[in-house]
Amino acid sequence: MASNNRLFSLFLIIFLTSCSASKKANKSLEAGEYSDAIYQLEKSIKPDDPESNFLLAEAYRKSNRIQEAEPYYMAAIDAGIQDESAYYFYAVSLKSNDDVKRANKVLEDYLKTGEDDAVVALAERELNNLGQLPEIETRVNHFRVKNLEAINSKFAEYSPFYNAGKLYFTSNRHGGKIYKGTGTPFTDIYVVNTRGANVDLATLEELSPIINEPNVNLGSITISKNGNTVIFAKGNSGKSSGSNDVNLYFTRFRNGTWQTPRPLSINGQDTWDSTPALSPDGKTLYFSSNREGGFGGLDIYTASLNRRGRWVDVRNMGEGVNTPGNEIFPYAGGTGKLYFSSDGWPGFGGLDIFEVTREAGHVKLENLGTPINSNADDFGLFLFNPSRGFFTSNRKGGKGDDDIYTFVNDDPELRIVNYWLSGTTLTHESDSQLVALSNTKVVLRDQDDNIIDEKFTQVDGKYRFRVFTEENYYLVAEKEEYFTTRIDFSTIGKSVDKSTLKNTITNIEFEVDLPLEKIVVDKAIVLNNIYYDLNKADIKPEAAAELDKLVTLMRDNPNITIELSSHTDVRSSHEYNMNLSQRRAQSAVNYIASQGIENRRMVAKGYGETKLIIQNAKTEEEHQVNRRTEFKVTRYNKKFAKQQAEDYDESDRFFNDVEDTQ
């Protein structure tokens, strides 16, 4: 009897310990302390318990150790786990462990019975991705890669950024306090002198403590060409109030010291905003975020720099780049291509590096293949010239956790042609002379009116866009209190034959100026070439072509209402002229409304011969001047107008002296 009591007590202790460990593990998981959760779950795991095995697998996955999650996803499935995502992540872990055949089978079997629509969609996409691997594996490239052994350690080194003979990177090489999310030390940003890949290790140092805040994870960094402005990611304090948040910060180097970093205004609320990268001209910021409205997981976004030095107009890069998985570590070099890492596009496992190009209006995405990519995480590519650069990988054979690698592209036919479209936003002064119009938003749109890029002009009114071959564009310039201007531009038929080029890089320049007219309420503007047949008000094809321009203006300026007026000459009776002009004005308004413009924004008004431009007209040409169609703005809704002129904010004015790197 005593023996039975002791046995019961032992079982009770084990049971209570197991329950306590599970509760602690759940609490750790909810707090993002995955390393602690792993420790607690491993003490209490039971082979036949689906929930604890699934939780342990999830803890490994979320701490970036998905290879180690494989046996626990399998155990959870074998034990009858109800959460169908276990099947999807089990397949992903198998692929990361280079077992593509089993990953295929797991997904095929799951899809026969899967009922969770969200997981089914992910599984179908991944099965399709796996089907494309054979083609990716056979692609020919000319890359050579090498571990940058001089810089790497048994700890993590990642996110290389090269500028002015210095290599910046993130690492936890100095140890210290452990971040419970990963079970590794907190990270800081380091810098070392280097000539390309030749590192002078004696110069290695941490960045200023004002950037490297103790016991807070520092992430990727991007720097202006002159080296005086830095944008970097910071977060994951390990505290319950800040375990998941990661934000973008900026600082400037002034008077021999770095200023106190401040968060960018584009950070989301309770979101993960990280991996910043500047475009070569410093006027577009690329970053990764899990904010609401994306495609799932982490997506790549852009923001534009306005004249006041503020980042505005945040937009998702769309389904040509983003997937239900994770897109992260963007990089826009001077080659006209965007690079980023993803686990949502067809790849070898973990994160793979992809290259995005644009031609004939279509986005082309390509996996860089081996040896750049592996079945581990490959990310953080940076080019220090068109054929050489750095990237990060935690593949087998490295020195530690994440390692920095160098690569060379030995492609003998490597030729880069940059196509640029530039110009000036202009407006008329009182004497009709055209002058530069500053702080004007200029948007480059494709032929389907989708935004490709956008800039804000500086004091000189200059803008510059990268454009791509064989494509039609719209240039749209807009500024508060001015009519939005829209001009067509095309690169069709203007491509250069790369086979004829000897230089590695060739720049082709196009120029288009953009005039904007100030909105003046009740100022009449004549519409040219609006002609009618005698005694008729029907819209002729030539007149429709002119009215279409007004339709476009109304669409681009939703903040205005207009009066459209028709005028006659004096060669008929007043009653006849008033009736005819009213019919013609109404006919023009009806046509514009038929193109989708709301009737409430227009008024038709016939003036007959009451507002002659030329009194006592004698010639047919003079009568024609009087026979005209005009429009005037009757109301301009400033509150509805797009706000390009944001209030001045010293905390955001930090980039006005960025140099154009082209």
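Is Ser159 buried or exposed at 6% relative accessibility? The first legend gives the answer, and each view below is drawn from a predicted model.

View A. Ser159 belongs to strand β2, which covers residues 157-163. The phi angle of Ser159 is near 55 degrees, a positive value in a residue other than glycine. Most residues other than glycine have a negative phi. Ser159 counts as buried, because a relative accessibility of 6% falls under the 20% limit.

View B. Strand β17, made of residues 327-332, contains Phe329. Although Phe329 is not a glycine, its phi is positive, at about 55 degrees. Phe329 is buried, with a relative accessible area of 14%.

**View C. A cis peptide bond joins Thr370 and Pro371.** Omega of this bond is about 10 degrees. Most peptide bonds, by contrast, are trans. Pro371 is placed in the loop that runs between β20 (362-367) and β21 (378-385).

**View E. Four acidic residues form a negative surface patch.** The members of the patch are Glu51, Asp83, Asp116 and Asp117. Asp83 is located in the loop between α4 (66-78) and α5 (85-96). With a relative accessible area of 33%, Asp83 is partly exposed.

View F. Arg61 is partly exposed, at 24% relative accessibility, whereas Glu58 is buried, at 10%.

**View G. A salt bridge between Glu471 and Arg358 links distant parts of the chain.** In this pair the closest N and O atoms lie 2.6 Å apart. Glu471 is in the loop between β28 (462-467) and β29 (472-478), while Arg358 is in strand β19 (residues 352-359), and the two are 113 residues apart. Both Glu471 and Arg358 are buried.

**View H. Glu630 and Arg628 meet through their side chains in a salt bridge.** The N to O distance in this pair is 2.7 Å. Glu630 has a relative accessible area of 9% and is buried. Arg628 also counts as buried, at 8% relative accessibility. Side chains of opposite charge can pair when their charged atoms come close.

**View I. Salt bridges link four charged residues in a network.** The network consists of Asp569, Arg571, Glu620 and Arg627. The structure as a whole holds 35 salt bridges.

Note on methods:
Residues numbered from 1 in each chain as written. Predicted model: local features only at pLDDT ≥ 70, side-chain atom pairs only at ≥ 80, totals over all residues. Heavy atoms only, no water. Patch = residues over 30% accessible without salt bridge, like charges linked within 9 Å, V, L, I, M, F, W, Y side chains within 5 Å. Areas by Shrake-Rupley, 256 points an atom, 1.4 Å probe, with all protein chains shown as cover. Lys, Arg positive; Asp, Glu negative; His and termini not counted. Charge placed at Lys NZ, Arg CZ, Asp CG, Glu CD. Helix = DSSP H or I, 4+ residues; strand = E, 2+ residues; numbered from the N terminus. Buried < 20%, exposed > 50% of the residue type's maximum accessible area, 1.4 Å probe, protein only.
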